[in-house]
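Open your viewer, load the model and keep the selection tool at hand.

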Amino acid sequence: MHTHFGNEIWHQAAAFALRYEVFVLEQGIALQDEFDELDTNDRNYFVVYENSLAVATIRYQKKDEQTIQPDRFCVRKEYRGQGIGKQLLLLLEETAVKEGYLFSTLSAEKTALTFYEALNYSVNSEEYLEDGLLCVEMIKKISS
């Protein structure tokens, strides 16, 4: 397996195809909600590939001068539980630290709380609905 970070059209297509499979088909999120104004031609995505199969993806954007906001994070169903998601999120955080960010904040589905808590994220909000799913905001200090 290898990870690529970039905005090439083939790479974006792989990220979108995986997001469509996981979020739209598996979780029932509306197509119009999943693909939004942040999915621009110059947006960079992290994608983990096994040969040419996208098995995990995540994107992020700047929330403020000190904080990044990872989102659209998913792992193909048959690849879950192997540590791929953990490695991908840690790689994103490492990249963000190099770019000067101190914090990472994200919207976590309630079903994923233990995953994020194991990576030192803390709940930072009340529960809310996002795209029909129960979520909470979580935050982590990524730089010392």
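Here is a short tour with a few stops.

**Before you click**

You are looking at a predicted model, in which local features need pLDDT of at least 70 and side-chain atom pairs count only at pLDDT 80 or more, while totals for chains, interfaces and linings use all residues. Residues are numbered from 1 along each chain as its sequence is written, and side-chain values use heavy atoms, with hydrogens and water left out.

**Stop 1: the annotated span**

Select residues 1-143, which UniProt lists in an unreviewed entry as "domain: N-acetyltransferase". UniProt positions are given here in the numbering of the model, with feature names shortened, and such annotations may be inferred rather than shown by experiment. The span is 29% helix and 37% strand, and its end C-alpha atoms lie 27 Å apart. Helices (H or I, at least four residues) and strands (E, at least two) are DSSP runs, numbered from the N terminus.

**Stop 2: the largest pocket**

Now select Phe23, Phe73, Glu109, Ala112 and Tyr116. What do they surround? Of the 33 residues lining the largest pocket, these are the closest to its centre. The volume of this pocket is about 700 Å³. A pocket is an open set of points on a 1 Å grid over the protein atoms alone, where a 1.4 Å probe fits, with protein on both sides within 12 Å along at least five of seven lines; lining residues have an atom within 4 Å of a point. Grid points are joined across faces, edges and corners, and the volume is the space filled by probe spheres set on the points.

Which element gives the largest share of the lining? Colour strand 4 to see the answer: 7 residues come from there. Elements giving two or more residues also include helix 1 (9-26), helix 3 (84-98) and strand 8 (133-141). By type, the lining divides into 16 nonpolar, 8 polar and 9 charged residues. Here Ala, Val, Leu, Ile, Met, Phe, Trp, Tyr, Cys and Pro count as nonpolar, Asp, Glu, Lys and Arg as charged, and the others, Gly among them, as polar.

**Stop 3: aromatic rings**

The structure holds 10 aromatic pairs. Rings of Phe, Tyr and Trp (its six-membered ring) pair if their centres lie within 6.5 Å; planes under 30 degrees apart count as stacked, over 60 as edge-to-face and the rest as tilted.

Show Phe46 and Tyr60. Their ring centres are 6.4 Å apart and their planes stand at 25 degrees, so this pair is stacked. It links distant parts of the chain, with Phe46 in strand 2 (residues 45-50) and Tyr60 in strand 3 (residues 53-64), 14 residues apart. Phe46 is buried at 3% relative accessible area, and Tyr60 is buried at 9%. (Buried means under 20% relative accessible area, exposed over 50%, partly exposed in between, with a 1.4 Å probe and protein chains only.)

Next, show Phe115 and Tyr116. With centres 5.1 Å apart and planes at 80 degrees, these rings are edge-to-face. Phe115 is partly exposed at 30%, whereas Tyr116 is buried at 8%.

**Stop 4: the nonpolar core**

In soluble globular proteins, nonpolar side chains tend to be buried together. Select Ile58, Ile68, Leu88, Leu89, Tyr116, Tyr121 and Met138: of the 25 residues in the largest nonpolar core, these touch the most other members. A nonpolar core is a set of buried Ala, Val, Leu, Ile, Met, Phe, Trp, Tyr and Cys residues joined through side-chain atoms within 4.5 Å. Helix 3 gives the most to this core, with 5 residues.

**Stop 5**

Is Asn51 buried or exposed? Zoom in on the loop between strand 2 and strand 3, where Asn51 lies; at 69% relative accessibility, Asn51 is exposed. Its phi is near 55 degrees, a positive value in a residue other than glycine. Then jump to Arg72 in strand 4. Arg72 also is not a glycine and has a positive phi of about 50 degrees, but Arg72 is buried, at 13%.

**Last stop: across the chain**

Finish with Thr67, in strand 4, which is buried at 7% relative accessibility.
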